[in-house]
Amino acid sequence: MDTDRTSRSVGAGAAGAGFASDGRTGRAGWAVTAGLRITGAGLLIAAAAIHLDLYLTGYRPIPVIGGLFLLQVIVGFLAGAVVLVTGSRLAAAVGAVFALATLGGYLLSVWIGLFGFKEVRTTAGIVAGVIEVAAFAALAMLAARPRPSGRPSGRPSRWRVLPGPVSAWLDKGAPGTAAAVGGVSVVALVLLGVAVAGAGGPTGPSSSGPSAGPVLKTTTINGTTVLTNGKGFTLYSFAPDTAGRSVCNGACAQYWPPVTGSATAGPGVTGKLGTITRSDGSKQATYDGHPLYTYIADSGPGQANGNNLNLNGGIWHEVPVAR
């Protein structure tokens, strides 16, 4: 009798301390769940913030890609907020899939290009990719995690919308989830590393060619004769630049690759050519004193998607050629 009372007393004390009837520690379980919830939501929001910065500073005018970036921003912020506020496992599952899908889109853009645009290697893109892998891992674990208090014996499964075996697997604590999520995360990180290692650097897909002696040409866009590089890509000037100095460096130069080397004039190029020394010591071609750039949103000759854009701290203009 005393033993029974003692057992009941211990059991009541354990329940009051947060211990579940199946032996799991309620408080510890809630702490882990809360940690996954806050971490996963925070990482989703952080990735969305990076995409917002990319959208505003270089990707907004790119056809289709700009809209997709904005969609990623909206969905990322919303999914992160829903997970953070509700702790919903369904929202966590959606967020995990979204994070992995966003990473997949980045990898495809780096490898083969999407909608005529091929991604270049940028620090922001790499950081966003790593954050997306971490967000997937945290949210996938949260989505599969049972409630810390367990399910009292005889109560119907809370996973009623799922097939019986899946529901039973989740009620048992989703055994094997950690290994599966870890495996997918490792594979995703390896693919990310391979992709960025093989991606083009800051000169991007519309570079001017070899650094020694790029040839400048002309073309007509919307009735205006403008300067192009040897491949026919439109060249731009940046309003804040001066005749002897470029202020477009770092991330700016990843979206607006400088025309490097000492340029030579092709047919129709009548202005004065020269060079300046950039902050990294490389030579950049100039035309009538204006440092020259291409724009990563121009996926082919004859495009001028960067003309009159106000990005990276100033206005960008295509370079007209007097006839």
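Strand β5 and strand β6 (residues 283–287) pair in the antiparallel sense over five bridges. Strands here are DSSP runs of E of at least two residues, helices are runs of H or I of at least four, and both are numbered from the N terminus. Two strands pair if DSSP finds at least two bridges between them.

This is a predicted model: local features need pLDDT of at least 70, side-chain atom pairs count only at pLDDT 80 or more, and totals for chains, interfaces and linings use all residues. Residues are numbered from 1 along each chain as its sequence is written, and side-chain values use heavy atoms, without hydrogens and water.

**The sheet**
- Three strands make an open, antiparallel sheet, in the order β5-β6-β7.
- β5 (273–277) and β7 (290–291) are the edge strands; each has a single partner, so one side of each lacks a neighbour in the sheet.
- Gly274 sits opposite Thr286 in β6.

**The cavity**
- The structure has one cavity of 30 Å³ or more.
- A cavity is a set of points, on a 1 Å grid over the protein atoms alone, where a 1.4 Å probe fits but cannot get out; lining residues have an atom within 4 Å of a point.
- The volume of the largest cavity is about 60 Å³, taken as the space filled by probe spheres set on the points, which are joined across faces, edges and corners.

**Its lining**
- Residues lining the largest cavity include Leu44, His51, Phe98 and Glu132.
- α2 (26–59), α3 (65–86) and α4 (89–111) are the elements that each give two or more residues to this lining.
- α2 gives the largest share, four residues.

Methods
1 Å grid on protein atoms, 1.4 Å probe; cavity = no way out; pocket = protein on both sides within 12 Å on 5 of 7 lines; lining within 4 Å.
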